[in-house]
Amino acid sequence: MIQYQNLLEDIRADQLEGFFVGWPNPPTPATHLEILNRAAHVVLALDGSSVVGFVTAISDGILCAYIPLLEVLPSHQHQGIGSELMRRMLERLHEMYMIDLLCDPELQAFYSRVGMEESTGMLVRNFARQSGS
Ligand SMILES: CC(C)(COP(=O)(O)OP(=O)(O)OC[C@H]1O[C@@H](n2cnc3c(N)ncnc32)[C@H](O)[C@@H]1OP(=O)(O)O)[C@@H](O)C(=O)NCCC(=O)NCCS
């Protein structure tokens, strides 16, 4: 049974193992917890005491929000958890004027199914700063 929560008070770094799959320089669980704490909004999916999925948003709290990170552990993918995390985050942000994220083209259908629209954009990626630790 997957439980969803927005609060971080009871979350420890050792509950955050296994994320950032494929990153050459992934954040440690301790840095991951710091990222969650500094985000404006977080939704977590827990299987027992283990965090198995998360989504973050950063925001000015008035007009704009950006969703930088969504991930579900490989062991728990394809069960609807990523979609549920996005639905819950979009509900939390529903009063914002703009809610943006970037993704690869193959994931656009996934985000369309939770109510997002395709767009275009620009970016900078500073890979030397990919992880905070
Ligand atoms: C994207 C992600 C969060 C989806 O989580 P999930 O819990 O498996 O999502 P759901 O079960 O709600 O939906 C799964 C559907 O999303 C789509 N999908 C997921 N990953 C996909 C990918 N890499 N390419 C294309 N479609 C994908 C498929 O339609 C999939 O359907 P299926 O289960 O029938 O194969 C998860 O695959 C993940 O963590 N990926 C690695 C990190 C990542 O890419 N994050 C998004 C950054 S923009």
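Visitor: Is Ser 50 buried, partly exposed or exposed?
Guide: Let's start by placing this residue in the predicted model: Ser 50 lies in strand E3. Its relative accessibility is 37%. Buried means under 20% and exposed means over 50%, so Ser 50, at 37%, counts as partly exposed.

Visitor: How far apart in space are Ser 50 and Ala 30?
Guide: Along the sequence, Ser 50 and Ala 30 are 20 residues apart. In space, going from C-alpha to C-alpha, the separation of Ser 50 and Ala 30 is 15 Å.

Visitor: How many disulfides does the whole structure have?
Guide: A disulfide is a covalent bond between the sulfur atoms of two cysteines. To count as one here, the two sulfur atoms must be within 2.5 Å. A search of the whole structure gives a count of zero.

Visitor: Which cysteine has the sulfur nearest to that of Cys 64, and how far away is it?
Guide: Cys 64 is in no disulfide. A disulfide needs the sulfur atoms within 2.5 Å, whereas the nearest cysteine sulfur to Cys 64 is 19 Å away. That sulfur belongs to Cys 103.

Visitor: Is Cys 103 buried, partly exposed or exposed?
Guide: Cys 103 is in no disulfide either, and its nearest cysteine sulfur is that of Cys 64. The relative accessibility of Cys 103 is 29%. Because buried means under 20% and exposed over 50%, Cys 103, at 29%, counts as partly exposed.

Visitor: How many residues surround the ligand?
Guide: The closest ones include Leu 70, His 78 and Ser 83. Gly 80 and Gly 82 are also among the closest. The residues around the ligand number 17.

Visitor: What is the distance from an oxygen atom of the ligand to an N or O atom in the side chain of Ser 83?
Guide: Let's look at some polar atoms around the ligand. A backbone N or O atom of Val 72 lies 2.8 Å from a ligand oxygen atom, and a polar backbone atom of Gly 82 is 2.7 Å from a ligand oxygen atom. For the side chain of Ser 83, the distance to an oxygen atom of the ligand is 2.5 Å.

Visitor: What share of the ligand's accessible area does the protein cover?
Guide: On its own, the ligand has 890 Å² of accessible area.

Visitor: Which elements give two or more residues to the shell around the ligand?
Guide: The ligand takes up the space of the largest pocket. Its shell draws two or more residues from each of these elements: strand E4 (64-72), helix H2 (81-92) and helix H3 (108-113).

Visitor: Which residue's side chain makes a polar contact of 2.8 Å with the side chain of His 76?
Guide: You can find His 76 in the loop between E4 and H2. With 13% relative accessibility, His 76 counts as buried. The side chain at the other end of its 2.8 Å polar contact belongs to Asp 47.

Visitor: Is His 78 buried or exposed?
Guide: His 78 is in the loop between E4 and H2, and it has a positive phi of about 65 degrees although it is not a glycine. Its relative accessible area is 81%. Exposed means over 50%, so at 81% His 78 is exposed.

Visitor: Is Phe 20 buried or exposed?
Guide: Phe 20 sits in the loop between strand E1 (2-5) and helix H1 (29-38). Its phi is near 60 degrees, a positive value in a residue other than glycine. Since buried means under 20%, Phe 20, with a relative accessibility of 3%, counts as buried.

Visitor: What distance separates the C-alpha atoms of Ile 62 and Gln 79?
Guide: Ile 62 is in the loop between strand E3 (50-59) and E4, and at 65% relative accessibility Ile 62 counts as exposed. Ile 62 and Gln 79 are 17 residues apart along the chain. The distance between their C-alpha atoms is 33 Å.

Technical notes
Residues are numbered from 1 along each chain as its sequence is written. This is a predicted model: local features need pLDDT of at least 70, side-chain atom pairs count only at pLDDT 80 or more; totals for chains, interfaces and linings use all residues. Side-chain values use heavy atoms; hydrogens and water are left out. Buried means under 20% relative accessible area, exposed over 50%, partly exposed in between (1.4 Å probe, protein chains only). A residue is near a molecule or strand if one of its heavy atoms lies within 4 Å of it. A polar contact is a pair of N or O atoms within 3.5 Å; within protein, one must be able to donate a hydrogen and the other to accept it, and residues adjacent in sequence count only if both atoms are side-chain atoms. Accessible areas come from the Shrake-Rupley method with a 1.4 Å probe; for residues, only the protein chains shown count as cover. On a 1 Å grid over the protein atoms alone, a cavity is a set of points where a 1.4 Å probe fits but cannot get out, and a pocket is an open set with protein on both sides within 12 Å along at least five of seven lines; lining residues have an atom within 4 Å of a point. A molecule sits in a cavity or pocket if more than half of its atoms lie within 2 Å of its grid points. Helices (H or I, at least four residues) and strands (E, at least two) are DSSP runs, numbered from the N terminus.
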